[in-house]
Structures are given as C-alpha cells and as structure tokens.
Amino acid sequence: MNTVDVEAEYLATSDYWKARQEYHASRGWFWTCDKYCQGNKARFQQAEKTLNAIRAEGAARMSDAKKTAGLLSEVGVGEMKDSFWSYLYQGKQFAKRQSMWDALFIGLRQMQRGRDETWIEFGFKVLMNVLINFSMGLFMSLLFFIFGLWTIVRSYQPNPIMAVLVFVGAAAAAFAYVATYLFAIYGAAAGGVYGFLKVAESAGQQQRLNQGRAQQRMQYGGRRPHYD
C-alpha cells in the first residue's frame, strides 16, 4: 500500500490513549505499581510501540511521495511558505498580546506611584514596548522557522547540494522579509514621532507668538497718550 493508512493510525491512537488511561488509573500512591498495574503498563507500552511503528511507516510513505513530487515542486514550496507564514503569524500574535499587557501594566505602575505623567510620555513608553515586542516576536518566529525548515527539506529526500541551496535560499528570503518588515515598522514609528514633534513645535511657536503679541498690546495700551 502506497498511501498512509489513516484508519490504522486512528485505531492505534485510540488503543494507545485507552491503555494509557488504564495504566495511570491503576497506579498507586507515589507511583507504585502492583501486579495488575504492571499488566496495564505492558499493554500501554505495546500500544505505544504499535502507534509509533504505524506513524513511522506513514512518515516514510509520505516522504517517498514528497520525493516523487520534488522539493522545488508546488507542494514543496507551498509547505515551506505555509510554515513561514504560520510562524510569522504566531510571532505577531505574541507581540500584540505582550504589547497590550505592557500598556496595561505601565498605566497601573504610574497610577500606583502617583507620578504626574503626560500622555506624550506614556505614549512614548508604550511605543518603545511595542517596537521591542515586535522585534522579539518576529525574530523568534524566524528562528523557529529556520529550525523547522531543515526537517521539511529532509522530508523530500533531495540530494545534499540541492538541500543546502534550498535551505540557505529559503532562510535568507525569510530573514530579508522579517528585516524589511521591522524596518518598515521602525520607519513608520520614527516618521510618526518626527511628525508629532514638528506639530508640537509649531504649536509651541504659535503659542509663544500669540503671547508676545498679547504682551505688546498690553504695553501699548498702558502707554496710550492723554490729551487735555
């Protein structure tokens, strides 16, 4: 049979979990195991061995099918792309969750310390945490992708030269994408901060100008000449 026996794996998995549950339920205090427990343990180990054998056979058949398709086929390239996008999504989700909690804790700490902090200072702190979290999340996703990439490459059983070239090329492309993504985030953040500072500077200059004009009007008004 040249296909993966899904039904056999399903039955083996069911037997494995049933034997595992019976074995753990029959153990005594401090993980003691009597004769009855030893019998359940033997059945559990046999079920585990059977499941691993079926899974290994299925993996070998799948690897042979991948070898027939080829590493650079639509299937192979699609699997590498799906792996990258999956890890990248997880990294973004990590950054979003961490940034939300950081913003919450920053606000709570400031309230507990009783410090008078402007919204501008609070916004800068949150922005710095967002940039750090996205950097960590994306680089972690990149590392996990590279570690798993070699497993994907090996599963297609390519020749060593092709395996190394594809691995290096895919890793370099992933690094370039992550670096570009982070560069865009930092550039957008820097541009937003610069624009905000310029607006604040213009508003400050206009306020000082208005104050100066008001003072001049008061001075000229106090020196108005009187005629008899």
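Helices are DSSP runs of H or I with at least four residues, strands are DSSP runs of E with at least two, and both are numbered from the N terminus.

## Basis of the model

The structure is a predicted model, in which local features need pLDDT of at least 70 and side-chain atom pairs count only at pLDDT 80 or more, while totals for chains, interfaces and linings use all residues. Residues are numbered from 1 along each chain as its sequence is written, and side-chain values use heavy atoms, with hydrogens and water left out.

## Overall make-up

The protein has 5 helices and 0 strands. Along the sequence the pattern reads α-α-α-α-α. Of its 228 residues, 24% count as buried. Buried stands for under 20% relative accessible area, exposed for over 50%, and partly exposed for values in between (1.4 Å probe, protein chains only).

The accessible surface comes to about 16,800 Å², and carbon and sulfur atoms hold 62% of it. Such areas come from the Shrake-Rupley method with a 1.4 Å probe; for residues, only the protein chains shown count as cover. Among contacts between residues at least 6 apart in sequence, 74% join residues at least 24 apart. A contact means heavy atoms within 4.5 Å.

## Helix α2

Helix α2 covers residues 35-69, which makes 35 residues. From its first C-alpha to its last it reaches 51 Å, close to the 51 Å expected at 1.5 Å a residue. The expected span is 1.5 Å times one less than the number of residues. The buried residues of α2 are Cys37, Asn40, Phe44, Ala47, Leu51, Gly58, Arg61, Ser63 and Lys66.

At the N-terminal end, aspartate 34 caps α2, with a side-chain oxygen 3.4 Å from the backbone nitrogen of tyrosine 36. After α2 comes glycine 70, whose phi is positive, near 100°. Lysine 41 also lies in α2 and is partly exposed, with a relative accessible area of 27%. Its C-alpha is 9.0 Å from that of serine 26, a residue 15 places away in sequence.

## Salt bridges

A search of the whole structure finds 2 salt bridges. The term covers a side-chain nitrogen of Lys or Arg within 4 Å of a carboxyl oxygen of Asp or Glu. Side chains of opposite charge can pair when their charged atoms come close.

Glutamate 9 is partly exposed at 26% relative accessible area, and arginine 55 is partly exposed at 42%. Another bridge joins glutamate 57 and arginine 61, at 2.3 Å from N to O. These two residues are 4 apart in helix α2, so about one helical turn separates them. Glutamate 57 is partly exposed, with a relative accessible area of 39%, whereas Arg61 is among the buried residues of α2.

Serine 83 is found in helix α3 (residues 74-113) and counts as buried, at 13% relative accessibility. Not counting residues up to four places away in sequence, serine 83 touches Phe145 and Ile152.

Leucine 88 has its place in helix α3 as well, and is buried with a relative accessible area of 3%. With the neighbours up to four places away in sequence left out, leucine 88 touches Leu138, Ser141, Tyr177 and Val178. Leucine 88 and alanine 174 are 86 residues apart in sequence, yet their C-alpha atoms are 9.7 Å apart in space.

Ile132, Met136, Met140, Leu143, Phe144 and Phe147 form a nonpolar patch on the surface, with about 600 Å² of accessible area together. Patches are made of residues with over 30% relative accessible area and no salt bridge; like charges are joined within 9 Å, and nonpolar side chains (Val, Leu, Ile, Met, Phe, Trp, Tyr) within 5 Å. Phenylalanine 147 sits in helix α4 (residues 119-155) and is exposed, with a relative accessible area of 61%.

Glutamine 157 lies in the loop between α4 and α5 (160-222). Although not a glycine, glutamine 157 has a positive phi of about 50°. The residue is partly exposed, with a relative accessible area of 32%.

Key. A polar contact is a pair of N or O atoms within 3.5 Å; within protein, one must be able to donate a hydrogen and the other to accept it, and residues adjacent in sequence count only if both atoms are side-chain atoms.
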